[in-house]
Each structure stands twice: as C-alpha cells, then as structure tokens.
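Here is a friendly briefing to read alongside the model.

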Amino acid sequence: MNFLLESLHDLDTQLRKFGGQLFLFQGSPVHIFERLWEEVGLQKICFEQDPEPIWHARDSSVKQFCEERGIHWVEKVSHTLWDPHQVVKINGGTPPLTYQMF
C-alpha cells in the first residue's frame, strides 16, 4: 500500500510540473462523470475493457451515460492483450479451453 501511495504522490508531483494535477474519486462512475460533466464540461472518457461479467453493467451504464450527453467514449483492450469477446466469437461462442482453440 505504501508503494502505491508513494507512486500516486510521485505521479501528482510530475503532473504539477506541467500544470496538471492528479485527482482521485471514489463512488459510482456514472455519478462521478455526471458531476465532472456539469462542472468542467467533460467531453471524452477513455477506459480499459474489463471482460469480467461482473463489470458489464457498470461499463454499459457509463457508455449509456456518455451517449445520452454526447460524450465521446473509447474502450480499449489492454491487460488481456487479446479481446476476449472476439476470441469467444471466433470459437463459435465457446471460450477456448485449450491453447489450440485460442
């Protein structure tokens, strides 16, 4: 935890050298983005695809929020390297159980 806190502090220090600042928010993403949209005119949200089913509702609500307000959103595959949804689709709807299927 100490390493994480020191890293965030260092990131904030580096951002401040260029006139920026690190902000940390806690709570529902839609509520946080709503407030940012109202206060600073949020225009674009970029986030990493999370293929875990438990986060599908969260990500869908963020996308819907963006579409309703004309906010451009970008979702990218990142930590999985390959788009899991695409891999399952190529396998006819079945998750790969072997390397050959992958």
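Leaving out neighbours up to four places away in sequence, W37 is in contact with L42, F65, R69 and I71, where contact means heavy atoms within 4.5 Å. This is a predicted model, in which local features need pLDDT of at least 70 and side-chain atom pairs count only at pLDDT 80 or more, while totals for chains, interfaces and linings use all residues. Residues are numbered from 1 along each chain as its sequence is written, and side-chain values use heavy atoms, with hydrogens and water left out.

**W37 and helix α2**

- W37 sits in helix α2, residues 29-40; helices (H or I, at least four residues) and strands (E, at least two) are DSSP runs, numbered from the N terminus.
- With a relative accessibility of 32%, W37 counts as partly exposed; buried means under 20% relative accessible area, exposed over 50%, and partly exposed in between, using a 1.4 Å probe and protein chains only.
- W37 and H72 are 35 residues apart in sequence, and their C-alpha atoms are 12 Å apart in space.
- Helix α2 has 12 residues and spans 16 Å from its first C-alpha to its last, close to the 16 Å expected at 1.5 Å a residue; the expected span is 1.5 Å times one less than the number of residues.
- G41 follows α2 and has a positive phi, near 75°.

**The nonpolar core**

- The largest nonpolar core has seven residues: L42, I45, F47, V62, F65, C66 and I71. Such a core is a set of buried Ala, Val, Leu, Ile, Met, Phe, Trp, Tyr and Cys residues joined through side-chain atoms within 4.5 Å.
- Two elements, β1 (44-48) and α3, each give two or more residues to this core, and α3 provides the largest share, three residues.
- In soluble globular proteins, nonpolar side chains tend to be buried together.
- F47, one of the core residues, is in contact with V62, K63, W73, V74, E75 and K76, leaving aside neighbours within four places in sequence.

**D12 and helix α1**

- D12 is found in helix α1, residues 2-17, and is buried, with a relative accessible area of 14%.
- The D12 side chain reaches the backbone nitrogen of L22 at 2.9 Å.
- Apart from neighbours within four places in sequence, D12 is in contact with Q21 and L22.
- R16 forms a salt bridge with D12, with the closest N and O atoms 2.7 Å apart; a salt bridge is a side-chain nitrogen of Lys or Arg within 4 Å of a carboxyl oxygen of Asp or Glu.
- R16 and D12 are separated by about one helical turn because they are four residues apart in helix α1.
- An α-helix has 3.6 residues a turn, so residues three or four places apart point the same way.
- R16 is partly exposed at 45% relative accessibility, whereas D12 is buried at 14%.

**Salt bridges around α3**

- The structure holds seven salt bridges.
- D59 lies in helix α3, residues 56-69, and is buried, with a relative accessible area of 8%.
- R58 forms a salt bridge with D59, the closest N and O atoms being 2.8 Å apart; R58 is partly exposed at 29%.
- Not counting residues up to four places away in sequence, D59 touches D50 and E75.
- E75 forms a salt bridge with K63, with the closest N and O atoms 2.9 Å apart. E75 lies in strand β2 (residues 72-76) and K63 in helix α3, so this pair ties together parts that are 12 residues apart in sequence.
- E75 counts as partly exposed, at 26% relative accessibility.
- A network of salt bridges links E34, E68 and R69.

**The loop between α1 and α2**

- F23 is in the loop between α1 and α2 and counts as exposed, at 53% relative accessibility.

**The annotated region**

- UniProt, in an unreviewed entry, places the feature "domain: Photolyase/cryptochrome alpha/beta" at residues 1-81; UniProt positions are given in the numbering used here, feature names are shortened, and annotations may be inferred rather than shown by experiment.
- Over residues 1-81 the chain is 52% helix and 12% strand, with the end C-alpha atoms 27 Å apart.

Definitions and conventions. Polar contact = N/O pair within 3.5 Å; in protein donor to acceptor, adjacent residues only side chain to side chain.
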